Amino acid sequence: MKHIADIIENHRVFILTGAGVSAESGIPTFRGFSGLWCNQRIEDVASPEGWRKNPQLIWEFYSMRRKTALSAKPNPAHFAIAGLLHRMGDRLFVCTQNVDDLHEQAGAHAVHMHGELFKSRCEKCRRVFEDRELHEYEIPLCDCGGRLRPHIVWFGEKTLELDKIHRALDQCTLFIAVGTSGIVEPAASFVSRVAGRAWTIYVGPDDPANDYYFTRKIAGKAGKVLPALFGRSRLPFPASCLE
Ligand code: OAD
């Protein structure tokens, strides 16, 4: 019996990751019982209006998230994706909604469609800086005098690198979404864009909101499922998953 690991490298693969991929590294997801959005109003900390009203609150929120991410380490899911990327090269495109740097720490390059936690951007000159500092008490300034904001895509703002992402989606023959609730656009519609033309697999403990478009769902935690799915250990996923 053929296993996915035997045939995956013959495909052009698009992997979309969400907060669930970093959950086992200790970074909280957004929705659900103990999600970040349970205690914070999205409009206060993740919108241009929130920034206009109370930029200090926004820096407190992202400093708290930087603090959590500073001590986080990649888990087996990040390493499994990095290993696959190493084998497949430019036939694998990794796109993440996550703003942490755990894919990079594991050795993979991912397109960060929602920005990056360890970068800040000047409102005035638009320069983007590497920034691992915490700015809990005052708003940092750029050399040009402009205010620095987190390099994060807030609700109502334009997703980063969308043209490049659409090109990769249109070329893929296998689409795999991992650990994302399938609610937030435009990522939630990626699967419907490729469905019917590419195989579509969802990996995660719960069904996503857009589950209708997935050919197969593999229930479980990313840190357990992905090493088995992408590894050479011929664990439990027959290639008939793609039939
Ligand atoms: P959500 O918090 O909406 O969903 C996380 C998903 O991960 C859920 O479906 C969980 O079932 C799943 N999950 C939890 N633990 C898991 C594990 N160990 N392995 C695999 N899956 C697991 O997070 P996202 O869908 O990523 O945007 O959220 C999308 C966007 O909404 C975020 O990028 C963020 C947020 O608002 C912005 O801030 C712009």
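Student: Where does Asn-75 lie?

Tutor: Helices here are DSSP runs of H or I with at least four residues, numbered from the N terminus. Asn-75 falls in the loop that joins helix 6 (55-70) to helix 7 (76-88). This is a predicted model, where local features need pLDDT of at least 70, side-chain atom pairs count only at pLDDT 80 or more, and totals for chains, interfaces and linings use all residues. Residues are numbered from 1 along each chain as its sequence is written, and side-chain values use heavy atoms, with hydrogens and water left out.

Student: Is Asn-75 buried or exposed?

Tutor: Buried means under 20% relative accessible area, exposed over 50%, and partly exposed in between (1.4 Å probe, protein chains only). Asn-75 counts as buried because its relative accessibility is 5%.

Student: Which residues is Asn-75 in contact with, leaving aside its neighbours within four places in sequence?

Tutor: Contact means heavy atoms within 4.5 Å. With those neighbours set aside, Asn-75 touches Val-21, Ser-22, Glu-24, Ser-25 and Gly-223. The Asn-75 side chain also reaches the backbone nitrogen of Ala-77, at 2.7 Å.

Student: How many residues surround the ligand?

Tutor: A residue is near a molecule if one of its heavy atoms lies within 4 Å of it. Here 23 residues surround the ligand, and the closest are Phe-30, Arg-31, Thr-180, Ser-181 and Asp-206. Helix 2 (residues 19-23) gives the largest share of this shell, three residues.

Student: What lies 2.8 Å from an oxygen atom of the ligand?

Tutor: A backbone N or O atom of Ala-19 does. An N or O atom in the side chain of His-114 is also 2.8 Å from a ligand oxygen atom.

Technical notes:
Helix = DSSP H or I, 4+ residues; strand = E, 2+ residues; numbered from the N terminus. Polar contact = N/O pair within 3.5 Å; in protein donor to acceptor, adjacent residues only side chain to side chain.
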